[in-house]
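Colleague: Could you walk me through this one? I would like to start with the strands and then turn to the rings.

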Amino acid sequence: MNNIKKLLSSRPLSHKWLQKKTREVGREEFERSANLSKSKAIYHVTDVEAARTILESKTIYGIDVVSAAHFHYSPEKIGAQAIKTGLFLGFKWAGPVKRGIWSCKGSSHSDCSPNQLLEVPVSEKGDRTWELRLYPGTQNLELCYLEFEGRGYLLKEPIVLRVICGF
């Protein structure tokens, strides 16, 4: 029983884990740190259990037809329900960024190459970004920030993730 309690208390996102691995900061500090390192701050929203799996496995994936992991430049664009019930993971992306092509006739997965952040436009005008995608095979995605229950946490050491194929 004690071993189980000890294991649960040291799991990612537990109070003990947060105290050891993070320091409490505002989102602005994370975004400033991304800018200083010439990286883009991007966000993914998920639930606590999925976030723990991401932290423990050091992998992330999507559940669409090509397993793209989905992100946004701003958490506010993710949606009110996701913000209310979810947890933000903040990443630094230092790789290339490519603008996708919007199409009402075909898939918006026009280029599924790894190691580039694909900006998917809202419409054919292409003036606004709907979402961001990273495809399987992508490496060197740095998880640096967590935000949930109204608090932000900067990881003392970034966790480098890979994008893998989902189920």
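**Sheet and aromatic rings**

Modeller: The strands S4, S8, S7 and S6 form, in that order, an open four-stranded sheet with mixed pairing, where strands are DSSP runs of E with at least two residues, numbered from the N terminus, and two of them pair if DSSP finds at least two bridges between them. This is a predicted model, in which local features need pLDDT of at least 70 and side-chain atom pairs count only at pLDDT 80 or more, while totals for chains, interfaces and linings use all residues. Residues are numbered from 1 along each chain as its sequence is written, and side-chain values use heavy atoms, with hydrogens and water left out.

Colleague: Which strands stand at the edges?

Modeller: Those are S4 (69-71) and S6 (97-99), each of which has a single partner strand, so one side of each lacks a neighbour in the sheet.

Colleague: And how do S7 and S8 run?

Modeller: S7 (residues 117-121) and S8 (residues 129-134) run antiparallel and are joined by four bridges, and Val120 has Glu131 in S8 as its bridge partner.

Colleague: Changing topic, how many aromatic pairs are there?

Modeller: There are four, counting rings of Phe, Tyr and Trp (its six-membered ring) with centres within 6.5 Å. Planes under 30 degrees apart count as stacked, over 60 as edge-to-face and the rest as tilted. The Phe30 and Tyr43 rings are edge-to-face, because their planes stand at 80° with the centres 5.8 Å apart.

Colleague: Are those two buried or exposed?

Modeller: Both Phe30 and Tyr43 are buried, meaning under 20% relative accessible area with a 1.4 Å probe and protein chains only.

Colleague: What about Phe30 and Tyr145?

Modeller: That pair is stacked, because the planes are at 5° and the centres 5.1 Å apart. Phe30, Tyr43 and Tyr145 form one aromatic cluster.

Methods
Buried < 20%, exposed > 50% of the residue type's maximum accessible area, 1.4 Å probe, protein only.
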